[in-house]
Amino acid sequence: MASSVVVCNYGLHSLPSLRRRRSFPRSLLSHTPASCSRSDCIPPSLRSASPRSFPSGLTSVHGRRSLLVPVRASASAPAAVPAPSPAPAPWQGAALKPLAASIATGVILWLVPSPAGVSRNAWQLLAIFLATIVGIITQPLPLGAVALMGLGASVLTKTLPFAAAFSAFGDPIPWLIALAFFFARGFIKTGLGNRVAYQFVSLFGSSTLGLGYSLVFSEALLAPAIPSVSARAGGIFLPLVKSLCQACGSNVGDGTENRLGSWLMLTCFQTSVISSSMFLTAMAANPLSANLTYNTIKQTIGWTDWAVAAIVPGLISLIVVPLLLYVIYPPTVKSSPDAPKLAREKLEKMGPMTKNEIIMAGTLLLTVGLWIFGGALNVDAVTAAILGLSVLLVTGVVTWKECLAESVAWDTLTWFAALIAMAGYLNKYGLISWFSQTVVKFVGGLGLSWQLSFGILVLLYFYSHYFFASGAAHIGAMFTAFLSVASALGTPPLFGAMVLSFLSNLMGGLTHYGIGSAPVFYGANYVPLSQWWGYGFLVSVVNIIIWLGVGGFWWKTIGLW
């Protein structure tokens, strides 16, 4: 039978055990309120008792020994409730379903026998490349991690040697893109970006569409003078656009991306590929197209010839594309009539330019000047950018710690270099030439008119750019073969060469890696990848209609065909 329990202000006690320990007057075993903590709550006999008269091992209270002794629980006492186990830590690794989709793509293609004329190494690299593209689209991990895993797979399977897999980290274009992010940091940190942004808003900011067009045509005016679309986009317009977005309250990560930034970033990117197609000197690979044209059909494309042919469809595209995106991917803020006034007030509060703003502006002018006149001085675009960054580092305008903290720059450098390497070796292993020859034989055997045959060739040339991370690589791999076949099927040679040259720029808008400006604007993180690809495809259709439709009439007028 369970022993009774006596409760007092000193603790819980088993009555028989208490009696066994020591005989106390019954008055000491009376119930006293649990709230008594003062000495006057202690019974007189306890108050006068010597501490030595208490059993050993009891706790001291008020200078006396307490009766807090271990007791046996009553049989009727409720069992202690166990503490809830801590929640398991959330999974920090890859998203498993997208990862499975990426791996399955590569494994299935790997197991398919390679077609006749394609080496096993080329087919295996294609499997790894497509698996990497699927991973970049579905993003089981950040883009840089996915691309690095793709390079790792190519080395592990002996498809590429290590030096080949990582060869593109020595390519200047990925580094130029990374340097652009460092410039953007200085542009924003010094306040120069806000100053220029407020100037733009004060002039054009009453309408979001007007603000977008002011940037679009500013970039187009600079295009013929700066032959690197990566330099234009990253060194000049990305910092400006980011500053404009922030000045208008559109930031990454706080739900305000669609306020202005998403539309403006996508618009500036899509129009950068249009301006690159309008001038021979607006994109580094354009002279390669002109050179291959001469080698193939022995006709020359001069600067004026290019500009005259491209000016009409180019201007129409520059007008239509921002408006189209404004309708189908609209910013939530469309008009702000008070914005110019507020921008002027902000400029007044900023006061004169600070020392760091002046250094930043001077460095930017030096870098842009070298981009424009670097050819005469034998200074390429990436060297000019490194010189500019060196000035910023030496003067303390930007610190190396801040450069290291630009995680987007390093991530972009990693995945872009990885794709360049894999796409380049697809060409070196002969897969691209096999594809070109297969297309040429197929189209040539259809017996169609030259117009229809050329249309099919154009579409195949254009949309095969999903497999390229460089316009120059695409041109070098496929331009000559497609121009040769088009000419053999009756297409006017110079007409065919110019169309392929223009499209070699426009196709860069398909993906976030297809041209130098793509990683720059995508890396700002205002537009999700699925939307980037979706709108890229839609704009590509519009551009093809404009350039082959309206452009076709214009080229007929000027006697190109």
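Tyr522 lies in helix 23, which spans residues 517-522; helices here are DSSP runs of H or I with at least four residues, strands are runs of E with at least two, and both are numbered from the N terminus. The model is predicted, so local features need pLDDT of at least 70 and side-chain atom pairs count only at pLDDT 80 or more, while totals for chains, interfaces and linings use all residues. Residues are numbered from 1 along each chain as its sequence is written, and side-chain values use heavy atoms, with hydrogens and water left out.

Tyr522 is buried, with a relative accessible area of 7%. Buried means under 20% relative accessible area, exposed means over 50%, and partly exposed is in between, with a 1.4 Å probe and protein chains only. Leaving aside neighbours within four places in sequence, Tyr522 is in contact with Gln139, Leu143, Trp415, His512, Val527, Pro528, Leu529 and Trp532; contact means heavy atoms within 4.5 Å. The C-alpha atom of Tyr522 is also 8.1 Å from that of Leu266, although the two residues are 256 apart along the chain.

Ser262 is in helix 11, residues 261-278, and counts as buried at 2% relative accessibility.

Val241, in helix 10, is buried too, at 0% relative accessibility. Not counting residues up to four places away in sequence, Val241 touches Leu215, Leu264, Met265 and Cys268. For Val241 and Leu215, the separation is 26 residues in sequence and 8.4 Å in space, C-alpha to C-alpha.

The next topic is the cysteines. A disulfide is a covalent bond between the sulfur atoms of two cysteines. The rule used here asks for a pair of cysteine sulfur atoms within 2.5 Å, and by this rule the count comes to 0 disulfides. Cys245 is in no disulfide, and the nearest cysteine sulfur, that of Cys248, is 7.3 Å away. Cys245 is buried, with a relative accessible area of 0%, and Cys403 is buried at 1%.

Two loop residues give a contrast in exposure. Lys158 is found in the loop between helix 5 (143-156) and helix 6 (162-165) and counts as exposed at 69% relative accessibility. Asn378 is in the loop between helix 15 and helix 16 and counts as exposed at 73%. Most residues other than glycine have a negative phi. Phi of Lys158, however, is positive, near 65°, and phi of Asn378 is positive as well, near 60°.

From single residues the description turns to the whole protein. There are 24 helices and 4 strands. Of the 561 residues, 48% count as buried. Among contacts with a separation of 6 or more, 74% are between residues 24 or more positions apart. The accessible surface comes to about 25,200 Å², and 67% of this belongs to carbon and sulfur atoms; accessible areas come from the Shrake-Rupley method with a 1.4 Å probe, and for residues only the protein chains shown count as cover.

Pockets come last. Rolling a probe the size of a water molecule over the atoms shows where empty space is left. A pocket is an open set of points, on a 1 Å grid over the protein atoms alone, where a 1.4 Å probe fits, with protein on both sides within 12 Å along at least five of seven lines; lining residues have an atom within 4 Å of a point. Points are joined across faces, edges and corners, and a volume is the space filled by probe spheres set on them.

The largest pocket has a volume of about 740 Å³. It is lined by 37 residues, of which Asp171, Ile173, Ala284, Ser470 and Ala472 are the closest to its centre. Helix 10 (229-247), helix 15 (355-377) and helix 16 (381-395) are among the elements that give two or more residues to this lining, and helix 18 gives the most, with 8 residues. By class, the lining of the largest pocket has 24 nonpolar, 10 polar and 3 charged residues. Ala, Val, Leu, Ile, Met, Phe, Trp, Tyr, Cys and Pro count as nonpolar, Asp, Glu, Lys and Arg as charged, and the others, Gly among them, as polar.

The second largest pocket has a volume of about 370 Å³. Of its 20 lining residues, the closest to the centre are Val201, Ala247, Cys248, Ser336 and Ala339. Helix 14 gives the most to this lining, with 6 residues.
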